[in-house]
Amino acid sequence: MKHVIALVLISFLAVNTYGQDEEVKMKTVKEHKNEGWFKKDRLFVGGDINLGFSNSSTVLGISPYFGYSINKYLDVAASFNFNYTSQRDNVELGDKARLTVYGAGSFLRVYPLKFLFAQAQFEHNFIKFKYFPVANSSYLKETRHFDANSFLVGVGYAGGRDEDNNSFYYFSVSWDLIKNINSPYVDGLGRAVPIIRAGYNIALFQGRR
C-alpha cells in the first residue's frame, strides 16, 4: 500500500512539473510572437537648431527627424527642415534679401564604430527668395520661387552612444553631391560647400520593453 501511495505522489509531481514547464514555454512563445519584427524601444527622434546673427544678417533654422534603429549598425529616419535667412546690403547699401528654405527627406546612418557614422541623406527643398531694393535704386523688387533635390553624403561623431544607450550628441559634416544650382548647399558658382551640423539624438521607450 505504501508503494502505491508513493507511486501516485511521484506521478502527481511529474504531471504538475510538466504542466508548469509547458505553461512557461507557451508564455515565452506568446511573448515572442507579440514582439514581432517591430520593437518600439528602437524608435528615436533628434535634430539640430541653426542660429546665426551679425550686423547685416540673421539665420534661423531647425532640422528635426524621426527614425528607427534596424540594428546596432544601421539607422533610418525621415527628416524635415526649415531655414530662414535675412540679409542687408546684399547688392548695394541699404537693400534687403530674404531666403526661406523648407523641405523633407530621409537618411541612412551606418555605424562602423559605436562613435563614428557615415550618413547619406536625400532632400527635396523649396526655396523662396525676396529682394527689396533701396528707394530710387536701379534694381527692382523681386520674388522668386524654385526647388531643388540634394543628396548629402558625409561623416559624423556620436558622443555617448553604445548598445544600451541610443541617446547621444553628434557632430557631422557633409556635402551635396548633386550640386543643383538652386540647392541651398552650393555657392554662387555651383560648388558644394561643407554642411556642418551639431545636434542630439533621443531614444524613445528605451528600457521599457
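This is a predicted model: local features need pLDDT of at least 70, side-chain atom pairs count only at pLDDT 80 or more; totals for chains, interfaces and linings use all residues.
Me: Where does Asn166 lie, and is Asn166 buried or exposed?

Reply: Elements are DSSP runs numbered from the N terminus, namely helices (H or I, at least four residues) and strands (E, at least two). Asn166 belongs to the loop between β6 (142-159) and β7 (168-176). For burial, relative accessible area is compared with two cut-offs: buried is under 20%, exposed is over 50%, and partly exposed is in between (1.4 Å probe, protein chains only). Asn166, at 9%, is buried.

Me: Which residues is Asn166 in contact with, apart from its neighbours within four places in sequence?

Reply: Contact means heavy atoms within 4.5 Å. With those neighbours left aside, Asn166 contacts Phe44, Ser69, Asp75, Arg161, Asn201, Ile202, Ala203 and Gln206. One of these, Asn201, stands opposite Gly46 in the pairing of β8.

Me: What overall arrangement do the strands form?

Reply: Two strands pair if DSSP finds at least two bridges between them. The eight strands form a closed barrel in the order β1-β2-β3-β4-β5-β6-β7-β8, with antiparallel pairing. From one strand to the next the twist averages 25 degrees; axes are lines fitted to C-alpha atoms, for helices over the stretch in contact, with angles from 0 to 180 degrees between N-to-C directions. Strand β1 (residues 43-53) and strand β8 (residues 195-203) are antiparallel and joined by four bridges. Eight bridges join β6 to β7, where Gly159 stands opposite Tyr169. Between β7 and β8 there are seven bridges, again antiparallel, and Ser174 has Ile195 of β8 as its bridge partner.

Me: Which residues make up the largest nonpolar core?

Reply: Nonpolar side chains in soluble globular proteins tend to be buried together. A nonpolar core is a set of buried Ala, Val, Leu, Ile, Met, Phe, Trp, Tyr and Cys residues joined through side-chain atoms within 4.5 Å. The largest one here has nine residues: Phe44, Tyr65, Ala77, Phe107, Tyr111, Phe117, Ala158, Phe168 and Tyr170. β4 (96-113) and β7 are the elements giving two or more residues to this core. Ala158 is in contact with several residues beyond four places in sequence, including Tyr111, Phe117, Phe168 and Tyr170.

Me: How many salt bridges does the structure hold, and what does the pair of Lys72 and Glu163 tie together?

Reply: A salt bridge is a side-chain nitrogen of Lys or Arg within 4 Å of a carboxyl oxygen of Asp or Glu. The structure holds four. In one of them, Lys72 and Glu163 meet at 3.2 Å, N to O. Lys72 lies in the loop between β2 (57-71) and β3 (74-88) and Glu163 in the loop between β6 and β7, so the pair ties together parts 91 residues apart in sequence. Lys72 is partly exposed at 42%, and Glu163 is exposed at 64%.

Me: Are Glu123 and Arg197 buried or exposed?

Reply: Both are buried. Their salt bridge has its closest N and O atoms 3.8 Å apart. It links strand β5 (residues 116-132), which holds Glu123, to strand β8, which holds Arg197, across 74 residues. By contrast, the salt bridge of Asp187 and Arg191 (2.8 Å, N to O) joins two partly exposed residues, Asp187 at 23% and Arg191 at 49%.

Definitions and conventions:
Residues are numbered from 1 along each chain as its sequence is written. Side-chain values use heavy atoms; hydrogens and water are left out.
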